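I opened this entry to keep track of what I looked up in the structure. Short notes follow, one topic at a time.

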Amino acid sequence: MSDDPSDLARLRLEYESAGTDRDDLNPDPLIAFATWLDEARAAGCAEPNAMVVSVVDPDGWPSARNMLLKGIDNCTFTFFTNYESDKARALDTTGKAALTFSWLELHRQVRIVGPCTRTSEAASNEYFEVRPRGSQLGAWASDQSRPLADRGELETRFADLETEWDNRPVTRPAHWGGYQVDPQRIEFWQG
């Protein structure tokens with residue numbers, strides 16, 4: 001990349017796709033979203049369930065991070081995280097979130113905005129049980145949004161937990177669980 005900042009101004013992809021028309025989308029936005037998600041999977045998009053979760057923290061600052069959608073149930077979009085993380089504190093404070101799905105290969109984006117609440121403990125337990133064991137142990141080991149002295153600190157914590165949970169199923173920590181966003185607005189964009 002050049003040091004010339006004007007190069008960014010000229011960096012542009014010309015969208016060659018056919019575009020989309022309102023008549024191309026199912027009138028039910030949840031069905032339309034599911035169709036686009038299926039098309040992203042079929043097109044081989046990397047992590048088609050990846051989304052940017054955007055929140056506003058208690059001090060009024062916007063914050064966003066990539067996460068994975070883990071369910072669409074009862075008209076809500078569900079993801080899971082550490083309840084002690086900065087994003088969880090923001091979600092618990094405001095009760096609002098925006099989700100952005102970008103399928104760049106298809107020149108598509110979907111933005112979802114709505115109230116956000118914690119899932120039930122049963123739903124959190126159900127998903128936790130199907131996570132890979134390493135991810136289960138990671139939920140115990142990782143103090144999200146908290147600085148580490150170095151990576152070795154996390155690796156030591158993880159190794160200790162492997163020993164602690166050896167030959168036993170890993171149970172969900174109380175500080176880890178799900179959130180569900182009830183979409184009030186869904187915006188579809190096609191390049």
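Is Cys-45 buried or exposed? I looked up its accessibility in what is a predicted model. Cys-45 is buried, with a relative accessible area of 5%.

**Cysteines**

I went on to Cys-75. Cys-75 counts as partly exposed, at 46% relative accessibility. Then I searched for disulfides and found zero in the structure. A disulfide would be a covalent bond between the sulfur atoms of two cysteines.

**Overall layout**

I listed the secondary structure next. The chain has six helices and eight strands. Reading along the sequence, I noted the pattern α-α-β-β-β-β-α-β-β-α-α-α-β-β. I also checked burial over the chain. Of its 191 residues, 34% are buried.

**Salt bridges**

How many salt bridges does a search of the whole structure find? The search gave me five. I wrote up three of these pairs below.

I started with Asp-86 and Arg-89. Their side chains meet in a salt bridge, with N to O at 3.6 Å. That is inside the 4 Å cut-off for a salt bridge. Both residues sit in helix H3, which covers residues 86-94. They are three residues apart there, so about one helical turn separates them. Asp-86 is partly exposed at 42% relative accessible area. Arg-89 is partly exposed as well, at 33%.

Asp-92 counts as partly exposed at 40%. Arg-118 counts as partly exposed at 39%.

Which parts does the pair tie together? Glu-187 lies in strand E8 (residues 185-190) and Arg-111 in strand E6, so the bridge links parts that are 76 residues apart in sequence. Glu-187 is partly exposed, with a relative accessible area of 37%. Arg-111 is partly exposed too, at 31%.

**Positive phi**

I then looked for positive phi in residues other than glycine. Glu-47 has one, with phi near 45°. I placed Glu-47 in the loop between helix H2 (29-42) and strand E1 (50-56). Its relative accessible area is 48%, so Glu-47 is partly exposed.

Asn-167 is not a glycine either, and its phi is positive at about 60°. Where does Asn-167 lie? I found Asn-167 in the loop between helix H6 (151-164) and strand E7 (176-181). Asn-167 is exposed, with a relative accessible area of 74%.

**Arg-172**

I stayed in the loop between H6 and E7, where Arg-172 also has its place. Is Arg-172 buried or exposed? Arg-172 has 15% relative accessibility, so it counts as buried. I checked what its side chain touches. A polar contact of 2.6 Å joins the side chains of Arg-172 and Asn-125. A polar atom of the Arg-172 side chain also lies 2.5 Å from the backbone oxygen of Trp-176.

**Second largest pocket**

I noted the lining residues by name. Among them are Lys-70, Gly-71, Asp-73, Thr-78 and Phe-80. The lining also includes Thr-119, Ser-120, Ala-123, Glu-126, Tyr-127, Val-130 and Gln-180. Four of the residues are nonpolar, five are polar and three are charged.

Key. Residues are numbered from 1 along each chain as its sequence is written. This is a predicted model: local features need pLDDT of at least 70, side-chain atom pairs count only at pLDDT 80 or more; totals for chains, interfaces and linings use all residues. Side-chain values use heavy atoms; hydrogens and water are left out. Helices (H or I, at least four residues) and strands (E, at least two) are DSSP runs, numbered from the N terminus. Buried means under 20% relative accessible area, exposed over 50%, partly exposed in between (1.4 Å probe, protein chains only). A disulfide is a pair of cysteine sulfur atoms within 2.5 Å. On a 1 Å grid over the protein atoms alone, a cavity is a set of points where a 1.4 Å probe fits but cannot get out, and a pocket is an open set with protein on both sides within 12 Å along at least five of seven lines; lining residues have an atom within 4 Å of a point. Ala, Val, Leu, Ile, Met, Phe, Trp, Tyr, Cys and Pro count as nonpolar, Asp, Glu, Lys and Arg as charged, and the others, Gly among them, as polar. A polar contact is a pair of N or O atoms within 3.5 Å; within protein, one must be able to donate a hydrogen and the other to accept it, and residues adjacent in sequence count only if both atoms are side-chain atoms.
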